[in-house]
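Biologist: Hi! I'm new to this one, could you walk me through a few spots?
Modeller: Happy to, let's bring it up.

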Amino acid sequence: MDRRITISNFQLMALIVISTIGTSSLYAPATFAHYAERNSWYLVVVGGIMGLLNLLVLLKLNKFYPDKNILAICTHLLGPWFGGGLAFLFVFYFLDLSSWILREFSQFFIIALNPIIPQMWYLIAGAIMCAYAVYHGLEVVARVSEIVFIVTVTTFLAIYVMLINQYHPEYLLPILEEGLIKPLKGLMLSMSWFGDLMFISMIIQYVRKTKSTTAYAMAGVGITFLLLLMSVLSCTMLFGGEATATFTYPSISLIQNIRLFRNIERFDAALVVVWVMSSFTKITAYFWSAFRGLSDLLKLKQPKRWIIPMAAAFVICSRYKVWGLVELTSFYDHQSWYFVLFQLFIPTMLLFIASIKENMKKSR
Amino acid sequence: MDNNKAMLTCDEDENKRILREWMQNTDDLVMVSSAIDLGQSVTVCYLAGLIDGRQLDQMLLLYKEDKDRLPAFQVDAKVHTFEEVANGLASGMSVLLFDSDGYGITIDTLGVQLRSVDEPTSEATVKGARSGFTESLQNNIALVRYQFASPSLKVEYRIAGQLSKTKMAILSVGGITNPDILQEVHQRIDEIPADAILGSNYIEEWITDNRGTLFPLLESTERPDRVIGALLDGRIGIIVQGTPFVLLLPFVFLQAFQVSEDYAWSYYIGSLMRLIRLFSGMVGLLLPAFYVATVTFHHELVPTTLLQSIASAKEPVPFPAVVESFMMMIAFEIMREAGIRMPKQVGQAVSIVGALILGQAAVEAGIVSPIMVIVAALTGICTFTLPPTAINYVIRILQFVMTLLASLLGYVGIMVGIIMLLTYLASLRSFGVPYLGPAAPFNLSELTDVIVRRPHTKNNKRPSLFRVIHNTRFRSKS
Amino acid sequence: MSWLKKQQLATLLCLCLAVTGCKGSMELNELHIVHSVAIDQGEDGGVRVTAEIAKLSTGGQQPKGMQESTFYLTSEGSSLFEAARLMRTKSDRTLLWGHTTAIIFSTDLARGGIGKQIDDIRRLRQFRNSTLIYAMEGRAYEALKVSMPNLSISSQALRGLSEGGESTALTEQTSLIDVYQELINGYKDISLPSVEVVKDQVDNKLKLLQTKGLYAFKGDHLIALMHASETKGYLRAAAKMNGSIEAVACDAKHKITFENISNRSEIEVDLNKQQMPEVNIEIYADLDLVSVQCDKVKVDPRTIAGWEKEINHSITEDLERYIRFSQKHKVDLLGIGEMIHRKHPKQWRKMKEEWGTIYADTTFTLKVHGRVDHTNFTF
């Protein structure tokens with residue numbers, strides 16, 4: 001590219017919020033309720049704090065090396081062989097995650113809307129949509145995400161406000177009867193959702209940095225936290241903790257409860273499409289990261305040629321990744337360390353090494 | 001031509017002969033010799049019909065009285081080559097050829113009957129100025145100057161088209177317009193290789209950023225006030241000779257929903273009208289798709305009573321909803337096209353046939369359902385609220401695409417369409433300005449003058465979107 | 001050149017999509033809209049499902065809305081889902097369950113437990129959260145065949161009747177999601193409104209639907225019917241009622257009638273020294289005088305005070321009747337147990353197992369504060 005890509009702070013925030021909230025708002029209320037019943041808000045709070053920590057690690061890493069993405073940092077710190085291997089692992093992670101989200105996306109629409117439409121259709125539609133955006137580059141993705149951000153946040157708030165007279169705040173009582181430790185069983189999962197913001201390690205070097213960049217990024221996590229908290233709270237207050245755990249997508253049931261003028265209801269079909277937008281942003285963010293990482297690592301001459309094969313690979317991978325929803329959710333339940341490993345642990349390790357290296361340089 | 005640089009000679013007959021050759025021996029070339037002074041005779045050449053004869057006479061008399069008094073003559077237009085003479089003649093000049101000297105003088109005597117200043121037909125208003133541009137370049141510039149009497153208004157002439165030699169004027173405001181964008185415009189216009197420019201759209205297609213796009217990346221308008229408003233926002237106007245449509249650039253998508261009348265009403269009314277236009281733009285784009293998706297995929301959303309009505313109305317119709325909607329939409333497009341092309345005298349017949357056959361008989365015959373008629377009619381009317389020069393043709397095309405997507409994947413299909421559309425729009429640029437601005441990149445304070453209308457008293461900043469040099473309109477005292 | 005190629009590619013893609021057709025879509029001409037469903041006990045422990053489907057009149061410029069007549073389809077299967085699918089063998093079109101307004105369970109089926117059926121219905125996913133649930137003595141499908149005057153679709157009638165609860169306090173609007181979430185959460189026991197077929201008092205041939213009383217459930221098993229006054233007491237204690245009728249005798253034959261305008265209840269739960277629950281229920285009710293059948297009644301503050309006392313008494317009686325009923329059947333419709341859980345989570349853990357017997361021995365203290373006003377005339 002001849003022109004340097006830049007994205008604004010607001011676009012960074014929008015990307016963080018949308019890609020974190022996109023799928024988590026669907027699965028989180030049910031999964032958290034499964035672990036902590038009526039105290040699921042507690043998991044969100046703790047997860048939010050961990051998410052902030054995660055963000056700080058990534059930001060700090062970026063402060064050490066302002067114009068390197070995480071792959072470049074890997075090779076810089078650990079040498080071309082070991083670091084290169086780790087960078088490849090990261091690329092693999094991005095690729096893998098993109099196909100996971102694509103699968104989530106199609107699974108969600110099959111369940112929430114129409115089980116008759118074949119899954120392949122949704123997968124293809126999603127892949128085309130995202131490949132198209134990746135083709136146009138990061139700036140375009142960022143600009144679209146701004147609009148998506150506004151639409152999504154407004155819709156979410158509207159959903160929660162429209163249900164306000166159906167809430168039973170007493171469903172939250174008693175608070176933390178099991179103590180502070182027991183509900184933390186689901187913490188890994190909560191962390192992995194907030195950790196979805198790790199793709200910013202690929203894009204943060206393009207952000208036009210000002211004093212408030214950190215503030216915007218934090219605000220992104222803050223908004224995510226609030227939205228997720230609201231979705232969890234309203235599910236608990238509406239259905240009760242135990243019932244929430246039995247729904248596949250409690251947020252959709254929430255929408256089904258909205259009723260206007262006595263007989264206009266079932267808005268779920270219409271509002272569900274908001275999740276098309278947010279999934280789109282999320283898949284595209286990871287797709288782009290994978291694409292960028294791949295073209296950097298392999299030093300591709302015409303990277304754009306690789307978009308269509310990549311998209312096709314995503315479709316096939318997602319199709320045969322898992323058999324169905326049960327396997328999908330159980331993977332998230334038991335294997336969430338896999339996500340957290342790449343989101344938090346490896347970056348922390350890199351940060352650790354980086355700080356030692358910088359200190360040594362200084363002392364010399 | 002081998003003798004491109006052929007100079008005028010001092011021989012009268014020779015001049016006449018060569019000139020006639022240059023002009024393809026055309027019959028309307030008039031060459032009259034007359035003696036102005038003692039011993040000096042002059043040949044007056046012009047194309048008959050293209051010049052104002054009385055003006056020419058006056059000029060000649062003036063010239064006879066005082067050879068140095070040449071304000072009305074294009075003094076600097078002393079021509080020396082046959083090519084210059086021929087080009088001058090073709091663009092409506094009269095040329096005086098002196099047999100003693102090797103040069104000629106061109107006199108601007110263009111006299112063509114043109115339309116007078118009229119109400120702009122494509123952008124009619126209830127309140128606000130009623131004069132629109134005409135086909136005359138000079139007159140159009142005068143119309144702008146008349147309302148914008150400031151020395152900072154800059155007009156630059158350019159000529160494009162190898163054969164048509166179309167004159168155009170680039171309007172900008174010194175101290176506001178970004179010189180980089182202006183430079184870019186000059187460069188792009190200078191690079192136009194076309195042989196003829198027969199309207200502003202020719203220019204538009206040559207200088208636009210993305211030639212394959214469906215969306216207009218330049219705005220065209222018939223209204224002087226709109227041009228002035230755009231100039232004050234730091235945009236650039238291009239007036240092309242021979243067309244009443246003036247090009248404005250850069251152009252961003254959301255401006256397609258603005259009309260100059262918004263500023264003629266109180267800002268509440270102006271804002272409301274603008275919101276209605278935005279809304280109906282969306283309805284025009286999505287309503288048929290939404291209807292098709294709802295009745296084929298998402299039956300739950302419709303209230304039970306309404307669904308019952310729709311179902312019983314749809315009962316005799318054998319076609320799927322998507323076919324039905326395509327039929328109605330195409331029928332509507334045909335009627336609209338017919339409405340524009342048909343002579344006024346048969347208008348009544350066409351409208352009766354259209355309304356009766358498509359509105360009633362088709363329903364009774366069980367070809368379409370009445371709900372579909374409502375949907376098609378509403379969609380059609382919604383697109384009429386938008387200014388006709390910009391987006392509404394695009395919306396009409398895209399509504400077909402959206403309907404197709406809706407019939408495949410329901411609401412998800414519509415959403416996929418919208419997202420791809422947004423991605424596409426976000427990737428467009430008009431002279432370096434992001435097409436979706438100021439919505440993306442997001443700028444709240446500028447959105448307040450795009451989606452709604454800001455009061456004039458609060459409108460103290462020019463949009464930074466067009467990278468203006470000086471972005472304060474005025475300093476408010478309070 | 002590449003531009004042209006791109007266009008061709010896009011066109012090709014569009015064509016492919018269009019040619020492969022619209023899989024998964026359902027035209028309205030291929031659907032029957034189900035309006036209400038009755039679920040009965042079938043043979044061999046299965047279920048028998050009856051669906052009320054609207055007939056569509058073809059042609060004509062004026063759609064008739066909900067004034068069309070209906071027809072019925074019945075099928076049996078080992079599960080609700082199977083029965084619903086088998087119904088397709090008798091129907092010329094696919095059935096659309098998403099617009100079902102009411103589901104009626106027969107009491108025979110409900111005695112054996114409705115949990116599985118509700119679960120099945122939720123799994124079908126098409127049903128609305130707001131679908132109304134009723135229980136009916138005898139065969140539930142008979143209720144669907146009653147044609148109410150003005151409305152031939154009984155789902156609309158059932159829906160209208162459920163809204164009548166707001167002014168009579170004899171029935172309650174119970175939706176699918178309410179039932180489902182209470183069954184899962186177990187915060188309190190559920191109750192379903194009862195519906196019955198009665199004869200019109202004037203025209204004996206005319207059959208009408210009537211909703212009066214609630215069926216109380218223990219878990220997902222139907223236990224017993226709460227009659228009018230018990231229902232009223234329950235709704236009052238649960239603060240679910242707005243309007244109702246209260247009457248006070250003024251002489252041997254005649255009565256003075258009051259309309260209940262608003263009702264508020266406060267339930268306070270505590271544990272006494274023996275770790276036994278104590279429940280305090282306070283009712284605040286506003287009433288309005290609407291009918292005086294006896295002569296020589298003077299409306300002044302003193303008589304009103306007298307009426308208030310009598311009304312308080314009669315309301316207390318309703319409540320007591322409900323409490324007696326619930327303690328007898330050990331159904332905790334008010335969710336007293338959950339209230340203890342919220343307040344004393346530690347003690348609740350011990351009580352949880354034998355909550356049924358503990359509830360039966362719980363002491364209730366009732367306080368009713370009725371206010372009477374006379375807003376039609378001052379004198």
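Biologist: Where is Cys250(C)?
Modeller: Cys250(C) lies in the loop between strand 10 (244-249) and strand 11 (255-271) of chain C; strands are DSSP runs of E, at least two residues, and helices are runs of H or I, at least four, numbered from the N terminus. This is a predicted model, where local features need pLDDT of at least 70, side-chain atom pairs count only at pLDDT 80 or more, and totals for chains, interfaces and linings use all residues. Residues are numbered from 1 along each chain as its sequence is written, chains are lettered from A and ligands numbered from 1 in the order in which they are written, and side-chain values use heavy atoms, leaving out hydrogens and water.

Biologist: Why does Cys250(C) count as partly exposed?
Modeller: Because its relative accessibility is 31%; buried means under 20% relative accessible area, exposed over 50%, and partly exposed in between (1.4 Å probe, protein chains only).

Biologist: And how far apart are the C-alpha atoms of Cys250(C) and Asp295(C)?
Modeller: They are separated by 9.3 Å, with the two residues 45 apart along the chain.

Biologist: Switching to chain B, where is Met327(B)?
Modeller: Met327(B) sits in helix 10 (residues 321-341) of chain B.

Biologist: Is Met327(B) buried or partly exposed, and why?
Modeller: Met327(B) counts as partly exposed because its relative accessibility is 31%.
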